[in-house]
Amino acid sequence: MRTKPPACCFTGHRNIPVEQYEAVQKRLEVEIVGLIHQGISCFYTGGALGFDTMAALAILKLKPEFPQILFILALPCEEQTMGWTPEDVKIYNQIREKADKVVYTSKCYYTGCLHKRSRYLVNQSVVCVCYLTENKGGTVYAVYYAKRRGLRVINLAL
């Protein structure tokens, strides 16, 4: 039986207050480096706007220094960027092109496909790094699911 490499997933809100953005970004990079030193070698993000994008960009920034890590983009559906701004789509496409692997958890959008993607992220992982400030939405769903699955949860918003 083949075992999975120790993995970390990310989940967080789309909106990070401008005045907190830089501090959260720095803390995120420090956390990722710490996890790499603890043996985490695979990092999963969900491709959403906000914290997911921040996490993906942090991983890609650190990859030259830590070439052994894998970056996997787990996307909820092929039309995830529908309704996004051209600039956000451009960043998304750049991230997708640099990922070591891209996984779609559903072909098309449907109610519940984002939760399916979140469960996939958590099910691959032993630790979940999040940016959780509200007790509602997809982020809280993913964090509660991670806790129920026994993952170590690190909230960068605290």
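Select D100 and K63 first. They form a salt bridge, with the closest N and O atoms 3.1 Å apart. The term means a side-chain nitrogen of Lys or Arg within 4 Å of a carboxyl oxygen of Asp or Glu. D100 sits in the loop between α3 (86-98) and β4 (101-104), and K63 in the loop between α2 (51-62) and β3 (70-75), so the pair ties together parts 37 residues apart in sequence. Helices (H or I, at least four residues) and strands (E, at least two) are DSSP runs, numbered from the N terminus.

A note on the source: this is a predicted model, where local features need pLDDT of at least 70, side-chain atom pairs count only at pLDDT 80 or more, and totals for chains, interfaces and linings use all residues. Residues are numbered from 1 along each chain as its sequence is written, and side-chain values use heavy atoms, leaving out hydrogens and water.

Now colour by accessibility. Buried means under 20% relative accessible area, exposed over 50%, partly exposed in between (1.4 Å probe, protein chains only). K63 is buried at 16%. D100 is partly exposed at 40%.

Next, select K107 and E78. Their salt bridge has its closest N and O atoms 3.5 Å apart. K107 is in the loop between β4 and α4 (113-123), E78 in the loop between β3 and α3, 29 residues apart. K107 is exposed at 56%; E78 is partly exposed at 44%.

Move to helix α1 (residues 18-37). E22 and K26 both lie there, four residues apart, about one turn of the helix. Their side chains meet in a salt bridge (3.2 Å, N to O). K26 is exposed at 52%.

How many salt bridges does a search of the whole structure find? Four.
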